[in-house]
Amino acid sequence: MVNRVLLIVLDSVGAGEAPDADKYGDVGSNTLGHVCDVTGVKLPNLGKLGLGNILPLKSVEADKSAVGAYGKMQEHSAGKDTTTGHWEIAGLWIDKAFPTFPNGFPDEVINKFEERIGRKVIGNKPASGTEIIEELGEEHVKTGYPIVYTSADSVFQIAAHEGVIPLNELYEMCEIAREILKGDYAVGRVIARPFVGEAGNFVRTENRRDFSLKPFSPTILDKLKDAGHEVFAIGKIEDIFAGCGITGKDHSTNNKDGIIATLKALDKVKNGLIFTNLVDFDMLYGHRNNPQGYADALRYFDDQLPEIMSKLKDDDLLIITADHGNDPTTASTDHSREYVPLLVYNRRFTNGKDLGVRKTFSDIAATIAEIFNVEGTGHGTSFLSELPF
């Protein structure tokens with residue numbers, strides 16, 4: 001019935017505050033709803049799949065003739081970061097949130113890191129990525145000391161000017177940090193944040209790399225790979241899963257390149273899973289509180305969706321979702337604990353279908369396991385039988 005799944009994660013495109021949003025300081029967050037309220041962005045193609053049926057959206061009406069299956073999913077795991085969300089989509093639950101460091105990293109970590117890289121560091125505090133390079137970029141250029149910072153998420157970020165610390169050296173520093181950050185200090189991701197330019201005009205580049213923990217148990221990606229199916233990773237998917245369960249990759253760095261890579265993958269991947277992350281919503285607009293930029297990115301994806309769908313065959317299943325929220329209209333510049341949308345499409349669907357509110361992101365992994373007749377991860381409930389074939 002289904003031979004290939006295209007799974008697209010619209011990074012941070014949340015669908016309204018989760019029931020436990022108060023535990024995360026995110027009461028009132030609604031990424032999609034507020035972006036539509038503020039900008040009036042029209043998303044006709046996502047609307048045809050049923051986006052406006054999932055939650056009230058000012059500029060995307062509910063469609064009684066929707067051609068997709070639609071619903072929303074609640075996160076079971078503790079946390080609201082990228083790794084947690086993607087791992088849960090792939091069938092892993094995290095019972096204890098990855099550690100965060102609102103006061104910066106302890107001396108034990110920083111001293112070990114400085115010793116290993118042979119340099120001092122500057123920063124070591126929570127900060128916006130653009131603001132930290134404005135504040136410390138000039139000092140970094142003068143001293144050669146990398147900028148270490150974190151956020152409300154479980155991340156150890158290293159910013160460096162590409163003309164001061166070459167990319168390969170920056171990536172090596174990240175690998176060293178990844179080795180050090182274990183146990184109580186095991187952050188979800190170490191992130192390389194290179195930038196260029198001069199004082200007063202520093203700009204981050206697209207040469208970011210994420211160094212995640214390895215999943216603690218096999219995911220649906222591993223299950224598919226072990227069964228002989230292809231698992232093609234696009235964007236930062238390979239990084240998020242530390243290369244585990246991946247048979248092919250295209251490390252695209254932005255939404256445009258990610259969509260191009262997805263179209264190419266649809267031409268060459270014959271069986272299995274194509275897993276795409278589109279990062280711009282989160283990285284460029286959510287974290288920078290830019291609702292208009294966020295809306296423009298949504299419209300761009302919506303404009304490209306018909307071309308993606310035109311490449312789908314009768315035995316392909318398209319799934320569009322997200323990994324968390326990042327409401328650009330709130331005071332916070334960090335991720336938000338939200339439901340995520342669930343849109344599913346196959347050319348043979350006879351009508352639209354409401355899939356309701358799913359209890360975990362892992363329903364996607366359970367569905368993929370059933371499609372390919374592989375052992376699941378033990379989490380989630382397949383919605384395959386609910387689809388309107």
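UniProt annotations may be inferred rather than shown by experiment. Keep that in mind here, since the model itself is predicted.

Start with the annotated residues. An unreviewed UniProt entry gives the annotation "binding site" to D282, H287 and H335. They are spread over 54 residues of sequence, yet they cluster in space, with a largest C-alpha distance of 8.3 Å. The lining of the largest pocket includes D282, H287 and H335.

Take D282 next. D282 sits in helix α11, residues 280-286. Its relative accessible area is 3%. Buried means under 20%, so D282 is buried. Leaving aside neighbours within four places in sequence, D282 is in contact with D11, S12, H287, H324, N326 and H335.

H335 lies in the loop between β12 (316-321) and β13 (340-345). H335 also counts as buried, at 0% relative accessibility. Beyond residues up to four places away in sequence, H335 touches several others, including D26, K80, D153, R189, D282 and H287.

A search of the whole structure finds 2 cavities of 30 Å³ or more. Strands β8 (209-212) and β11 (272-278) each supply at least two. The lining of the largest cavity holds 3 nonpolar, 7 polar and 6 charged residues.

The second largest cavity contains about 40 Å³ of space. Its lining has 9 nonpolar residues, no polar and no charged. Among them are L10, V13, I320 and P341.

Technical notes:
Residues numbered from 1 in each chain as written. Predicted model: local features only at pLDDT ≥ 70, side-chain atom pairs only at ≥ 80, totals over all residues. Heavy atoms only, no water. 1 Å grid on protein atoms, 1.4 Å probe; cavity = no way out; pocket = protein on both sides within 12 Å on 5 of 7 lines; lining within 4 Å. Points joined across faces, edges and corners; volume = space filled by probe spheres on them. Helix = DSSP H or I, 4+ residues; strand = E, 2+ residues; numbered from the N terminus. Nonpolar A, V, L, I, M, F, W, Y, C, P; charged D, E, K, R; others polar. Buried < 20%, exposed > 50% of the residue type's maximum accessible area, 1.4 Å probe, protein only. Contact = heavy atoms within 4.5 Å.
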